[in-house]
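Here is a short tour of a protein model, written for someone who likes to know which side chains pack where. Have the viewer open and follow along.

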Amino acid sequence: ITKLNKIVSISNPKIKFFKSLFLRKNRNQSGLFIAEGERTCREALEHKWCPKYLIYSNEKDKASNISDLIIICKKNNGLVLNVTSKILGKISKKDNPQTILGVFEQKLLNKDHLVDDGSIAWLALDRVRDPGNLGTIFRTCNATGIKSVILIGNCCDPFSPECVRASMGAIFSIKILCISLDDFLIWSNQRKNKLIVTSLKANKFYTECNWGEKPILVMGNEQSGVSKEIVSGADELIKLPMMGTSDSLNLSVSTGIFLYEILKSKK
């Protein structure tokens, strides 16, 4: 491995810049985001995402062999920075940080990229607000073979540290499409795929649903559900049976149940 850049000062401009990426406005301005941990960085490389910066500390875990990550990063014109564990903790705002961080370019697609991807369903999320939910949904999508996720309207930032962390690297396997409500309605109306929408007002359980060929499954905002404009155009409304006093499940849990039911219907 060739000689690497060593940073020992917390006041270094690059360190200040990396810390700034924990704010959404700075991620938006730079088009970059942070992914923490060796496993997540390896997952990124497996899906052809090469880091623009690789920041690591070998103070805490000298047994960790990341030389291959360093080589790949440098081959792709990435900058590798060796820092102290204290600096790494300052960047990630953790007392016990991971030993490696990757800084990647965001990849957000628009309506022009709504093309068939060979997966079992389209998943659309309407104004999802919780980044932990979104990251967990990405992870479930990876597990069930969903390759694209449509974010409708004003959703939380898919590249926030909370979302990236919850995805456990799965964010790098998903095509993320951000579109307006109007564009989604036009697109879904033009397709022959069934539009399946979750709603508390549904009179049919998800186990009774006829999913059809590659359905478009729409999950709603954590508080208000799916927009009425989408609900009114649905081919089927479905819900989960709720046996207790709660009227709904966590969004990521519900999404997982529905996606595995679709997967089951294809067997």
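## Terms and ground rules

A residue is called buried when its relative accessible area is under 20%, exposed when over 50%, and partly exposed in between (1.4 Å probe, protein chains only). Helices (H or I, at least four residues) and strands (E, at least two) are DSSP runs, numbered from the N terminus.

This is a predicted model, in which local features need pLDDT of at least 70 and side-chain atom pairs count only at pLDDT 80 or more, while totals for chains, interfaces and linings use all residues. Residues are numbered from 1 along each chain as its sequence is written, and side-chain values use heavy atoms, with hydrogens and water left out.

Let's begin with β10, which is covered on both faces. Ile 216 and Val 218 are buried on one side, and Leu 217 and Met 219 are buried on the other. In a regular strand, side chains alternate between the two faces of the sheet.

Two strands count as paired if DSSP finds at least two bridges between them. β6 and β10 run parallel and are joined by four bridges; here Trp 122 has Ile 216 as its bridge partner. β9 also runs parallel to β10, with three bridges joining the two, and Val 197 stands opposite Val 218.

## The nonpolar core

A nonpolar core is a set of buried Ala, Val, Leu, Ile, Met, Phe, Trp, Tyr and Cys residues joined through side-chain atoms within 4.5 Å. The largest one here has 39 residues, and Leu 123, Leu 125, Phe 138 and Leu 217 have the most contacts inside it. At least two core residues come from each of β2 (32-36), β6 (122-126), α6 (131-144), β7 (148-152), α7 (161-167), β10 (216-219) and α10 (251-265).

What does Leu 123 touch, not counting residues up to four places away in sequence? With contact meaning heavy atoms within 4.5 Å, its partners include Ile 137, Cys 141, Val 149, Leu 217, Met 219 and Leu 259.

The 15 residues of α10 should span 21 Å at 1.5 Å a residue, and the end C-alpha atoms are 21 Å apart, which agrees. The expected span is 1.5 Å times one less than the number of residues. Among the buried residues of α10 are Leu 251, Thr 255, Phe 258, Leu 259 and Ile 262; the buried residues pack against β6, α6, β9 (195-198), β10 and β11 (236-238).

In α5 (residues 85-92), Ile 87, Leu 88, Gly 89, Ile 91 and Ser 92 are buried. Their cover includes β1 (5-7), α1 (13-20), β2, β3 (53-56), β4 (79-83) and β5. Lys 93 follows α5 and has a positive phi, near 60 degrees.

## Aromatic rings and charges

Rings of Phe, Tyr and Trp (its six-membered ring) pair if their centres lie within 6.5 Å; planes under 30 degrees apart count as stacked, over 60 as edge-to-face and the rest as tilted. The whole structure holds 11 aromatic pairs. Phe 17 and Phe 18 have ring centres 6.0 Å apart and planes at 55 degrees, so this pair is tilted. Phe 17 is partly exposed, with a relative accessible area of 29%, whereas Phe 18 is buried at 0%.

Phe 104 and Phe 172 also form a tilted pair, with centres 5.0 Å apart and planes at 55 degrees. Phe 104 lies in β5 (residues 100-105) and Phe 172 in the loop between α7 and β8 (175-179), 68 residues apart. Phe 33, Trp 49, Phe 104, Phe 159 and Phe 172 form one aromatic cluster.

A charge sits over a ring if NZ of Lys or CZ of Arg is within 6 Å of the ring centre and within 35 degrees of the ring normal. Lys 107 has its charged end over the ring of Trp 49, 4.3 Å from the centre, and Lys 214 has its charged end over the ring of Trp 122, 4.2 Å from the centre.
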